[in-house]
Amino acid sequence: MTINGDTKNGVSSISELTAAGIKHAKADARKMPAIRDLDASYIKITRTTDPKPVPEINSKEVWTFKSCTDHMLKVDWTHDHGWHTPEIVPYGPLSIMPTASCLHYATQCFEGMKVYRGYDGKLRIFRSDLNCARLNMSSTRVALPSFNPLQLEKLIHAFLKVDGARWLPKDRAGTFLYLRPTIIGNGEQLGVTAPTEVLLFIIATPWPDLSGDAVPPGAPPKPYGLKLLASKNDTRAWPGGFGYAKVGANYGPAFVSHMEGRKRGYDQILWLLNNQKEFEVTEAGASNFFVVWKTREGKLELVTAPLDSKIILDGITRRSVLDLARARLTKDSKFLTEVGVQSVDVVERVYTMVEVEEAWKEGRLVEAFVSGTAYFITPVSAINFRDVEIDISMGSGKGGDYAVALKQWLSDIKYGNVQHEWGIIIEEEE
């Protein structure tokens, strides 16, 4: 019997076995000096002879989410050699056998990140060290190989040096590309075991700004703010599972609820963990979720779910929101006067939709928003919980004051309006 990951009667819990397996895989890799680690210094570049036209901003082509830049980066891994030579090659199809592990056993993981053309003319990526470390964690969670995150970061920079200048020209300041580093088990191996052949690849694509009121060409106007439908019985992630890892198995099964929610007029599902009918708040769609409320004692709090149960993803934007809030939304901070808000206590804890509903009924719910790479900082205007529509203040119309301030602070870093260590400048080709 196991309780909360403990071992009873000599039987190990699933979570304990997973942790032990990841630890042993890393130790085994270190004991095999012949196995090569990822190494960006060996990179080879083969340039396209047929560059594609760059889509216009917010064009129909951008909204298809299918258009990619001229090149892609690829690195093979095999169990007897380790990581092979990284290559930047013209973008194109992958060759994969029907018995590939990723097609049957979900041995794949990925990252989502963006590269920005700054108002100062420079190309920047945002806290890419965190994305690379998280991809390494996700990889080992699904029995894929580990790697040196710093080397992956160097490969991303090399890739952007090739495609960044053309696809984010300097006359398009304030725009971005979406990057998708991905790892898949791609060898011929139908057996139920860890893959012996793996492919890491990186692609980049133009992406619409989903954080405001942008819509595809010809579509009707969309108001600011997301409408969320709180889940009733469906669960996206659970304690002891893999909600904390960025793996495809966390996303595909959620699409059914997401599409049904869209049919009912909602933008995303607010995923609740229905523990003993408490309706614990976890994530909104594939984004982290925040509320600002007043406690019954009158304290203002910025609240989000914690990481310790491993239910939610350690989002890079989430972490940045918390870091900035703790630095700038504190008492006597000069930033409070600049944006016209009061200080808040930053709280990471388990909280429930019942608490959110009570705060709304009692007039203590100030605002709510989601954070993530795709949606950046996007305010929430309504939540349907147990068939009750909870309307949430949108402040001036583009979101509550805290969401607007945090979004502006992060935008300033990403687009070079302020110099900050999180905004990493990419060297470009002339």
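Phe176 is buried, at a relative accessible area of 12%, where buried denotes under 20% relative accessible area, exposed over 50% and partly exposed the range in between, with a 1.4 Å probe and protein chains only. The structure is a predicted model, in which local features need pLDDT of at least 70, side-chain atom pairs count only at pLDDT 80 or more, and totals for chains, interfaces and linings use all residues. Residues are numbered from 1 along each chain as its sequence is written, and side-chain values use heavy atoms, with hydrogens and water left out.

Rings of Phe, Tyr and Trp (its six-membered ring) were paired if their centres lie within 6.5 Å, with planes under 30 degrees apart counted as stacked, over 60 as edge-to-face and the rest as tilted; the count by this rule is 14 aromatic pairs. Among them, Tyr116 and Phe176 form a tilted pair, with 6.1 Å from centre to centre and 55° between the planes. Because Tyr116 belongs to strand 6 (residues 113–117) and Phe176 to strand 8 (residues 176–185), this pair ties together parts that are 60 residues apart in sequence; strands are DSSP runs of E with at least two residues, and helices runs of H or I with at least four, numbered from the N terminus. Tyr116 is also buried, at 6% relative accessibility.

The rings of Tyr119 and Tyr415 are likewise tilted, with centres 5.8 Å apart and planes at 55°. Tyr119 lies in the loop between strand 6 and strand 7 (123–126), and Tyr415 in the loop between helix 10 (401–414) and strand 19 (423–425), so that parts 296 residues apart in sequence are tied together. Tyr119 is exposed, at 53%, whereas Tyr415 is buried, at 11%.
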